[in-house]
Amino acid sequence: MNNLMTVEHLSVKYGNNEVLSDIHFSVEEGDYIGLVGANGSGKTTLIKALLGLLPLNGGTVRFEGDRRIGYLPQAAISADALFPAEVSEIVATGLLGLKRFPRFILKSDQIAINDILRRLDIFHLKQKRLGDLSGGQQQRVLLARAMVAKPSLLILDEPTSALDPKVREDFFELIGDINQKDRTTIILVSHDMESVLTHATKVMMLDRRLLFFGSTEAFVEQHFEKGGFH
Ligand code: ADP
């Protein structure tokens with residue numbers, strides 16, 4: 001397996017408050033990592049640090065090749081019913097970050113947009129407005145935006161928390177498929193331990209420090225099999 005990203009001795013502070021200390025792990029191509037931890041344990045802060053959105057207080061985040069990360073932000077489903085953009089325009093914004101001015105959508109971009117809409121089974125929604133779609137459909141549109149530039153790493157921050165159980169299962173199935181068939185590397189942030197243990201192949205557990213990083217099997221063995229969760 002090829003290494004994709006290595007994090008060493010990472011620490012992050014807000015003012016004097018160190019919320020992440022000495023975090024170290026590496027991500028291999030094809031990993032499906034479930035990032036778990038209580039509220040306030042530093043999950044979102046770690047994601048922001050990986051995305052390069054926060055200054056590090058110490059340590060390094062090293063990528064093999066480009067830092068090409070697709071990001072599905074937390075609680076994205078709050079779409080105003082009047083939000084005027086069409087699905088294809090929203091997905092197109094996932095390509096704009098790669099461009100220099102002038103930022104035009106080219107023919108090749110249209111092809112990439114159509115491809116990802118088909119891959120996620122939402123091509124028929126291409127001309128619809130986001131606000132007219134169901135929660136599950138909206139989440140697929142935002143996933144398409146995160147994936148249209150073909151990222152080497154896809155980070156999903158609580159992607160299913162606003163979805164009902166059936167739609168949530170469908171979404172997890174899709175993510176599993178993207179991981180296995182398309183070999184896309186995934187970090188899934190979730191407070192839903194059961195879903196993580198069902199779907200992810202590795203677990204990362206934070207409490208401002210790294211409490212655990214390893215295979216899901218090893219995590220289950222350590223935390224569950226000797227007399228329940230602890
Ligand atoms: P999680 O995503 O696991 O809930 P966060 O990374 O959001 O955790 O937060 C970790 C800690 O950092 C919390 O104590 C939170 O209050 C604090 N924190 C998060 N963002 C900021 C910020 N912008 N400024 C100051 N403190 C912050």
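1. Ala112, Asp115, Ile116, Arg119, Met147, Val148, Lys150, Pro151, Asp182 and Thr184 line the second largest pocket. A pocket here is an open set of points on a 1 Å grid over the protein atoms alone, with protein on both sides within 12 Å along at least five of seven lines, and lining residues have an atom within 4 Å of a point. This pocket has a volume of about 180 Å³, where volume is the space filled by probe spheres set on the points.

2. A word on the model before you go on. It is a predicted one: local features need pLDDT of at least 70, side-chain atom pairs count only at pLDDT 80 or more, and totals for chains, interfaces and linings use all residues. Residues are numbered from 1 along each chain as its sequence is written, and side-chain values use heavy atoms, with hydrogens and water left out.

3. Which helix gives the largest share of the lining of the second largest pocket? Helix 3 (residues 107–119) does, with 4 residues. By class, the lining has 5 nonpolar, 1 polar and 4 charged residues.

4. Now turn to the ligand. Its surroundings include Tyr14, Val19, Lys43, Thr44, Thr45 and Arg208, and a residue is near a molecule if one of its heavy atoms lies within 4 Å of it. Helix 1 (residues 43–51) gives the most to this shell, with 3 residues. The shell divides into 3 nonpolar, 6 polar and 2 charged residues.

5. A polar side-chain atom of threonine 45 is 2.5 Å from a ligand oxygen atom, and for threonine 44 the distance is 2.7 Å. In lysine 43, a side-chain N or O atom is 2.9 Å from an oxygen atom of the ligand. Of the 560 Å² of accessible area that the ligand has on its own, the protein covers 60%.

6. Is glutamine 138 buried or exposed? With a relative accessible area of 6%, glutamine 138 is buried, since buried means under 20% and exposed over 50% (1.4 Å probe, protein chains only). Glutamine 138 sits in helix 4 (residues 135–147), and its side chain reaches the backbone oxygen of leucine 133 at 3.0 Å.

7. Isoleucine 155 belongs to strand 6 (residues 153–157). Isoleucine 155 counts as buried because its relative accessibility is 0%. Valine 189 is 34 residues away from isoleucine 155 along the chain, with 7.7 Å between their C-alpha atoms.

Terms used. Polar contact = N/O pair within 3.5 Å; in protein donor to acceptor, adjacent residues only side chain to side chain. Areas by Shrake-Rupley, 256 points an atom, 1.4 Å probe, with all protein chains shown as cover. Helix = DSSP H or I, 4+ residues; strand = E, 2+ residues; numbered from the N terminus. Nonpolar A, V, L, I, M, F, W, Y, C, P; charged D, E, K, R; others polar. 1 Å grid on protein atoms, 1.4 Å probe; cavity = no way out; pocket = protein on both sides within 12 Å on 5 of 7 lines; lining within 4 Å.
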